[in-house]
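Walk me through this protein chain, please.

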Amino acid sequence: MAFLLKNNSISSHLRSSSQKMDGGALSQSRRGFHVELGAREKDLLAENDALRRFKSHKKGVRQLKRVGDVITAVVVAGCCYEIYARATIKKED
């Protein structure tokens, strides 16, 4: 019974705190205002030819991910088969 009262008080607290936030300036996003990037930030985000060789290639990454997914599926299927095989062997004995 105490558990129900505890949950009820928590939910009422959450409701009351959300109602307090519904007023004018308080309801603005927590992220703040959007600020345009400066020249330095734009230069840092620009593509650099010297760093291009260190970037991962999307096609290679996608293929490696696919290989990992296949290996995972094979291992899971092998584990399921092993559990099934051991369960049926025990039933036969």
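Of the 93 residues of the chain, 1% count as buried. Buried means under 20% relative accessible area, exposed means over 50%, and partly exposed lies in between (1.4 Å probe, protein chains only). The chain has an accessible surface of about 9700 Å². Carbon and sulfur atoms hold 61% of that surface. Such areas come from the Shrake-Rupley method with a 1.4 Å probe, and for residues only the protein chains shown count as cover.

The model is predicted: local features need pLDDT of at least 70, side-chain atom pairs count only at pLDDT 80 or more, and totals for chains, interfaces and linings use all residues. Residues are numbered from 1 along each chain as its sequence is written, and side-chain values use heavy atoms, with hydrogens and water left out.

Now the fold. The chain has three helices and zero strands. From the N terminus on, its elements run α-α-α. Helices (H or I, at least four residues) and strands (E, at least two) are DSSP runs, numbered from the N terminus. Helix H3 spans residues 58–92.

Next, the surface. Val67, Ile71 and Val75 make a nonpolar patch of about 260 Å². Ile71 lies in helix H3. Patches take residues with over 30% relative accessible area and no salt bridge; like charges are joined within 9 Å, and nonpolar side chains (Val, Leu, Ile, Met, Phe, Trp, Tyr) within 5 Å.

How many salt bridges does a search of the whole structure find? It finds one. Arg86 pairs with Glu82, and their closest N and O atoms are 3.1 Å apart. A salt bridge needs a side-chain nitrogen of Lys or Arg within 4 Å of a carboxyl oxygen of Asp or Glu. The two residues, Arg86 and Glu82, are four residues apart in helix H3, so about one helical turn separates them. Arg86 is exposed at 55% relative accessibility, and Glu82 is partly exposed at 39%.

Last, the cysteines. A disulfide is a covalent bond between the sulfur atoms of two cysteines. Here the cut-off is a pair of cysteine sulfur atoms within 2.5 Å. The structure holds zero disulfides. Cys79 is partly exposed, at 44% relative accessible area. Cys80 is partly exposed too, at 47%.
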